[in-house]
Amino acid sequence: MNTSTKRYLKSRFHDYYREAKIHVPHSLTKREWGFISYDSMPETMMYRHKAFGTGGELRDYLVSMQPAHVYHSVALYDYPDAPTMKEKKWKGADLIFDLDADHLQDAPTSYAAMLEMVKAESLRLLDFLVDDFGFDEDNIKAVFSGGRGYHFHITDPLIWELESSQRREIVDYVGGKGIKSEYFYQKEFMIGDHGTGTRTFNDRTEILSKYVIKNPDTGWGKRLAEYIASYLEEEGQKEEKERFADIKHIKGFGKKTQQQMNRISKDSKALEDIRRGRLDFGKIRDFKAIMARFFDNTIDQHRVTLAGSAQVDEPVTADIKRLIRLPGSLHGGSGMKVIPLSLEDMEDFKPLQDAVAFSDRPVTLKAIKPLEVQMMDLDIRVEEGVQELPEYAAVYLMCRGVAEYGSY
Amino acid sequence: MERAELALYPFTSAASQYVGELDFDLDRLINSRAFQSARLRGEERLIQSLTSGISKPSLTNTDEGRVLTELLSYPYARILVSCLNDPYLNRKYSHAEAEAAYSLLLEREDFFLREIGEEFGIHAKQHERGFHLHFADFLKYSTTLKAIEWKLINQRMVHGNVFVERKDFARLLQEAIKKNIHEGLPLKVPEKTCTDCSGALSRLKELLQQKKGDIENGQTGEVDSKLFPPCINYAINNVRTGVNLAHSMRFAMTSFLTGIGMTVDDIINMFNVSPDFDEEKTRYQIEHIAGSSGTKYTPPSCSTMKTYGNCHGTDDLCKRINHPLNYYRRKMWYKKKFKKPANTKEKKGTE
Ligand code: SF4
C-alpha cells in the first residue's frame, strides 16, 4: 500500500465518519479502545488503552484520525485507559460470539458463498441464544463484521461477571462438546406406567421397557427428538431398499427393527410421539449404537463453530479482555461497514450490497493482479493494470492490498 | 437464622454480622481465658480439615455456651489460616468447611437451601423435584466441578433456567461456600496477633508439613521430580513463578507429566507454590492437553523439542537419550539399581 493509496483511503474514511451512524456501546466510559492506522501499514500496530467520555469525543477522534480499524473492549473497566490489565480493574464483560469463515470446515472460496455459509451458522447460533439461553432479543446485537463473518454481542447484565472458564461452558454448549448421551435418554419401565405390576404381560416378557428422550421439550434433547423424527420421515419417502443406509450396518439392526422403523416413518402419530420423546423401536439389540449415530448426526447438524474454538487457544467468547470492532465503523481490510442487524433483518441481509459504504462514482486505480469481485449485485472482473472502477469496488481492492490508487 | 444456625453456618453474612454485634475485641478472643474452648475448637477445625474433615456438633439455642464456642471458633480458625497463609492449607480448609456445610444442608428444608443460595447471589426457585436457577448462577459454581455430568450441555435448560435436583443444588452451594471462603483468605491479621497464636501455629505447621510430605512421597507414587530432564524442570519453574509458557512447551511438559502417570491434581499441587500461580488457567490448559476427552498425547522427542527451542540446559545424560521420557526412565532405573541394596540391608537390620 503506497502513500497515495493511504492518503486516498484516509480521505474516504474521513468523509464516511463525518456522516456515519456510530453505534456507541453501552457503558461507553468504562471501555478501552484500540485503533490500527493506515499510516503504520504494512506493519499492524495497535494503539490501545484509550478511553472516551462521550459519543461526540469518539466521533471527533474517528473523523480526525481516520483509523483503518476501530475496536472497543468487550470488558468494562474502572480505569479503561490504564496501561496494564491489573490497573484497569475489570468489572465485567459482554458475552461475544465470533463467527468467521476462516474457522469453518470446507468453507467455499468465493467471498459471497463463504458469507452465506457463515450466515447459516449464525442463524443456528441465534436459535441457541434465544431458545436455550433465553436471552431477550433486545440483549442480542448481531453485527456483520465487515470482513468474513458475524459478531454477536450479548449485553444482558446477568452474564457480565462470568469468568473465562464459565464462558467456555457456553462455547461447549453451542458446539455440542462434552455431550453425554446417557443424560439424554433412558429406559422407562412400562409395567409401572400401566400399573399392572406383572412381568407376564400378554405372555410377552421382553417388552417391559421402552426408551424415552429425557428432555424432548428443550435444548439438545429437543434437537435430538426432532432429528430422529425428521430422519425417519425422510427415509420413509425413499425406496424401501435405500432406506436407513447409515444405520443399517449397525449390529442389531435386524429385519424387525427395519419393519418397525418403516412403520413409524409412515405414521404421523408415531412421529409425533418421537417428537414428544418416545422411542418405541421395538427390540433392538444395539440400541446404544444406533442412538450414538443419531446423536452424532444431530450434533453435526446443529453445532456452531466459533472462531478460535478449533485451536487449543482461547475461544474468542472465553476471552473476557478482548477487543471487538465498533458497529458502525469501517473494516479497514475491506472498506465495508461493520453493520448492526436486527434479528429479523439477519435472514435477508446481503453483506455485499447492504454493507457497502461508498458510492459508484468512477475512480482510477491500478490493480496488481486479476480478480473477480461481486458487489452491489454486479460481477466485476478486475484485470491487472490501470482501469476505472466504481468507488466502492476501488476502496475494497485497495483495502485488500491488491490495487493502488491512481494510474502510476 | 437462629443462633444455633449461625454457629453451624458461620460463613454467612448473618453470622458475621452477629459476631460483629457481640462487640468484643480481637485481643480477647486470642488471649482471654474465657475463649479458650473457642480457640481449641478453632484449632480443631484446621486439624480436621487436614485429616478427617470438619465434624459439626448438634446444637440447640439453649446451649448458649456451646453455641458461642462454635461460632467464635470460626473467626479464630480463619486467623490461624491467614497467619500460616499456605496455598495448600487455604484450599484444604475452604474445602473442608464447605464439605461439612454440605452434609448439614442435605438434611435441611428447601427454603433454607434457597436462603443459603441467596447469600451467594444464587436466585433459585423451587419446582417439584428440586430447584431451577439462571444458567449464569449455575455456571458460577458448576465449572469447578469437573465431572462431565456438570457440564452445562448435560443439564436440562429451559429458556436460560437450569433445573437441578435437590442434592445437586446442595452440591452447588458447597462450591459457592468454598469459593467464598477461599476468596476471603488470607485475612489481614496484625503481626502481633499471629505472634500471640504462635503455639497453635507451630503445632499446625508441623501437621501441615507432614501432610505435604505425604503428598510428595505418597500420592504421586513413584514420581520423583529430581529425576526430570532439564527441559521439563525449566518449564515447571517457569509455571511456578507465573511465567507464561509457549504452547509447544506447555504441551511438552504436560504430556510428559501425564505420561509418567501424574494426575491433573498432582500436577496442580506441584505447581501451586507461589502466589503468582493462576490455578484456574493452568488447570484448563492442563486438562485440555491431558485429554479429559479421552485422547492421551505422547510428549515430543528431543529433536522436536530442539526445533521449537524448548530444549533447555542439556546435561550429560541428554547426550545419550533421544526422548525426555527416556531420560526419566533411565534415571529411574539408576535410582532403583542404586537403592535396592540399601533397602535390602535395612530390611535385614530390622529382622
Ligand atoms: S536433550 Fe531432550 S531431555 Fe535433554 S533437555 Fe533437551 S529435550 Fe530435554
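Two residues are taken to be in contact if their C-beta atoms, placed from the backbone, lie within 7 Å.

## Basis of the description

This is a predicted model, in which local features need pLDDT of at least 70 and side-chain atom pairs count only at pLDDT 80 or more, while totals for chains, interfaces and linings use all residues. Residues are numbered from 1 along each chain as its sequence is written, and chains are lettered from A and ligands numbered from 1 in the order in which they are written.

## Chain B as a whole

Chain B holds 18 helices and four strands, where helices (H or I, at least four residues) and strands (E, at least two) are DSSP runs numbered from the N terminus. Of the 351 residues in chain B, 35% are buried; a residue is called buried if 20 or more other C-beta atoms lie within 10 Å of its own, exposed if 12 or fewer, and partly exposed in between, with C-beta atoms placed from the backbone. Among the contacts in chain B between residues at least 6 apart in sequence, 74% join residues at least 24 apart.

The domain assignment divides chain B into domain 1 (3-84 + 191-211), domain 2 (106-181) and domain 3 (224-350), the bounds coming from an automatic or database domain assignment. Four residues from domain 1 of chain B and five residues from domain 2 of chain B take part in the contact between these two domains, and the side of domain 1 that touches domain 2 has two nonpolar, two polar and no charged residues. For these classes, Ala, Val, Leu, Ile, Met, Phe, Trp, Tyr, Cys and Pro count as nonpolar, Asp, Glu, Lys and Arg as charged, and the others, Gly among them, as polar. The C-alpha centres of domain 1 and domain 2 of chain B lie 28 Å apart.

## The sheet and its helices

In chain B, four strands form an open, antiparallel sheet in the order S1-S2-S4-S3, two strands being paired if DSSP finds at least two bridges between them. Strand S1 (124-127) and S3 of chain B stand at the edges with a single partner strand each, so one side of each has no neighbour in the sheet. From one strand to the next the twist averages 30°; for angles of this kind, axes are lines fitted to C-alpha atoms, for helices over the stretch in contact, and angles run from 0 to 180 degrees between N-to-C directions. S1(B) and strand S2 (residues 130-134) of chain B pair in the antiparallel sense over four bridges, and Gln126(B) stands opposite Phe131(B) in S2(B).

Two helices lie across strands of this sheet. H8(B) lies across S2, S3 and strand S4 (161-165) of chain B and runs at about 100° to S2(B), whereas H9(B) lies across S1, S2 and S4 of chain B and runs at about 105° to S4(B). H8(B) is mostly covered, with eight of its eight residues buried, among them Phe135(B), Phe138(B), Leu139(B) and Tyr141(B). The buried residues of H8(B) pack against helix H5 (164-175) of chain A, together with S2, S3, S4 and H9 of chain B.

## Where the chains meet

The contact between the chains takes 21 residues from chain B and 21 residues from chain A. On the side of chain B that touches chain A, helix H8 (135-142), strand S3 (156-158) and helix H15 (279-290) of chain B each supply at least two residues, and the largest share, four residues, comes from H8(B). The residues on this side of chain B divide into nine nonpolar, seven polar and five charged.

## Around the ligand

The residues around the ligand include Cys231(B), Cys302(B), Cys311(B) and Cys318(B), as well as Thr314(B) and Tyr327(B); a residue counts as near a molecule or strand if its C-beta atom, placed from the backbone, lies within 6 Å of it. Helix H12 (230-240), helix H16 (302-307) and helix H18 (324-350) of chain B are the elements that give two or more residues to this shell, which divides into nine nonpolar, one polar and no charged residues.

## Backbone details

A cis peptide bond, with omega about -5°, joins Leu185(B) and Pro186(B), and Pro186(B) is placed in the loop between helix H9 (166-183) and helix H10 (191-196) of chain B.

In chain A, Gln66(A) is a residue other than glycine with a positive phi, near 45°, and lies in the loop between helix H2 (55-65) and strand S3 (69-73). Gln66(A) counts as buried because 24 C-beta neighbours lie inside 10 Å. Asp377(A), also a residue other than glycine, has a positive phi near 65° and is placed in the loop between strand S17 (371-375) and strand S18 (378-382) of chain A; Asp377(A) counts as exposed because 8 C-beta neighbours lie inside 10 Å.
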